[in-house]
Amino acid sequence: MENNILIGIMIISGLVLIISTLFYYPGFLKKLLMRLLLGVISITGTNWILAMCGIGIYVGINALSGLTLMLLGTPGYLLLYAIETYFTYQL
C-alpha cells in the first residue's frame with residue numbers, strides 16, 4: 001500500500017515537471033517532434049536506399065528508436081545505424 005502511494009506521488013511529480021517545462025519552454029516540444037519526424041523520415045529513406053543497393057542493414061522504427069531519435073537527433077540516428085551494423089556484421 002505504501003509503495004503504491006509512493007509510486008503515485010512520483011508519477012504525479014513527473015507529470016507536473018513535464019507539463020510545467022512544456023508551458024515554460026513552448027518551443028521545446030516543437031523541437032522534439034521535429035527531431036522525431038525528420039529522424040523517422042531519414043531512417044525510412046536510408047533503409048530504402050540500402051535495400052536498393054543490396055546492403056542488409058535495416059533499422060526498425062519503434063518506440064525505443066523514436067525516443068532515441070527524439071532525444072539525441074542526428075547522433076541518435078548515427079548510433080542506431082552503428083549498432084545495427086555492428087550486430088549485423090559482428091566486426
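**Helix packing around α2**

A: In this predicted model, helices α2 and α3 cross with right-handed geometry.

Q: Which residues make that contact between α2 and α3?
A: From α2, the contact draws on Leu32, Arg35, Leu36, Gly39, Val40 and Ile43. From α3, it draws on Gly66, Leu69, Met70, Leu71 and Leu72.

Q: How do the residues of the contact of α2 with α3 divide by class?
A: Eight are nonpolar, two are polar and one is charged.

Q: At what angle do the axes of α2 and α3 cross?
A: They cross at roughly 125°, and the axes come within 8 Å. Angles from 65 to 115 degrees count as roughly perpendicular and those over 145 as roughly antiparallel, so α2 and α3 are classed as oblique to each other.

Q: Let us look at α2 itself. How far apart are its end C-alpha atoms?
A: They are 41 Å apart. Helix α2 covers residues 26–53, which is 28 residues, and at 1.5 Å a residue it should span 40 Å, so the two values agree.

Q: What comes after α2?
A: Gly54 follows α2, and its phi is positive, near 85°.

Q: Which residues of α2 are buried?
A: The buried residues of α2 are Leu32, Gly39, Ile43, Thr46, Asn47 and Leu50.

Q: And what covers them?
A: The cover over the buried residues of α2 includes α3 (63–72) and α4 (74–89).

Q: Then to α4. How do α2 and α4 pack?
A: Their axes are 11 Å apart, at an angle of about 35°. The crossing of α2 and α4 is right-handed.

Q: Which residues meet there?
A: On the α2 side they are Ser42, Ile43, Thr46, Asn47 and Leu50, and on the α4 side Tyr77, Leu80 and Tyr81. By class, the contact of α2 with α4 has five nonpolar and three polar residues, with no charged ones.

Q: What does Asn47 touch?
A: Leaving out residues up to four places away in sequence, Asn47 touches Ile57, Tyr58, Val59 and Tyr81.

Q: Where is Tyr58 placed?
A: Tyr58 sits in the loop between α2 and α3. Its relative accessible area is 46%, so Tyr58 is partly exposed.

Q: What does Tyr58 touch, then?
A: Beyond residues up to four places away in sequence, Tyr58 touches Asn47, Ala51 and Glu84. As for spacing, the C-alpha atoms of Tyr58 and Thr46 are separated by 8.5 Å, and the two residues are twelve residues apart along the chain.

Q: Back to the helix. What does Arg35 contact?
A: Arg35 lies in helix α2. With its neighbours within four places in sequence set aside, Arg35 is in contact with Leu69, Met70, Leu71, Leu72 and Gly73. Arg35 is partly exposed, at a relative accessible area of 32%.

Q: How far is Arg35 from Leu64, C-alpha to C-alpha?
A: The separation is 14 Å, for residues that are 29 residues apart along the chain.

Q: And Gly73, where is it found?
A: Gly73 is in the loop between α3 and α4. Gly73 is buried, as its relative accessible area is 14%. Apart from residues up to four places away in sequence, Gly73 touches Arg35 and Thr68.

Q: What is the C-alpha distance between Gly73 and Lys31?
A: They are 9.9 Å apart in space and 42 residues apart in sequence.

Q: One last topic: how do α1 and α2 pack?
A: Helix α1, residues 2–24, packs with α2 at an angle of about 100°, and their axes are 4 Å apart. With that angle, α1 and α2 are therefore roughly perpendicular to each other.

Q: Which residues make the contact of α1 and α2?
A: Leu22, Phe23 and Tyr24 of α1 meet Pro26, Phe28 and Leu29 of α2. By class, the contact of α1 with α2 has six nonpolar residues, no polar and no charged.

Technical notes
Residues are numbered from 1 along each chain as its sequence is written. This is a predicted model: local features need pLDDT of at least 70, side-chain atom pairs count only at pLDDT 80 or more; totals for chains, interfaces and linings use all residues. Side-chain values use heavy atoms; hydrogens and water are left out. Helices (H or I, at least four residues) and strands (E, at least two) are DSSP runs, numbered from the N terminus. The expected span of a helix is 1.5 Å times one less than its number of residues. Buried means under 20% relative accessible area, exposed over 50%, partly exposed in between (1.4 Å probe, protein chains only). Contact means heavy atoms within 4.5 Å. Axes are lines fitted to C-alpha atoms, for helices over the stretch in contact, and angles run from 0 to 180 degrees between N-to-C directions. Angles under 35 degrees count as roughly parallel, over 145 as roughly antiparallel, 65 to 115 as roughly perpendicular and the rest as oblique. A crossing is left-handed if the near helix is turned anticlockwise from the far one by less than a right angle, and right-handed if clockwise. Ala, Val, Leu, Ile, Met, Phe, Trp, Tyr, Cys and Pro count as nonpolar, Asp, Glu, Lys and Arg as charged, and the others, Gly among them, as polar.
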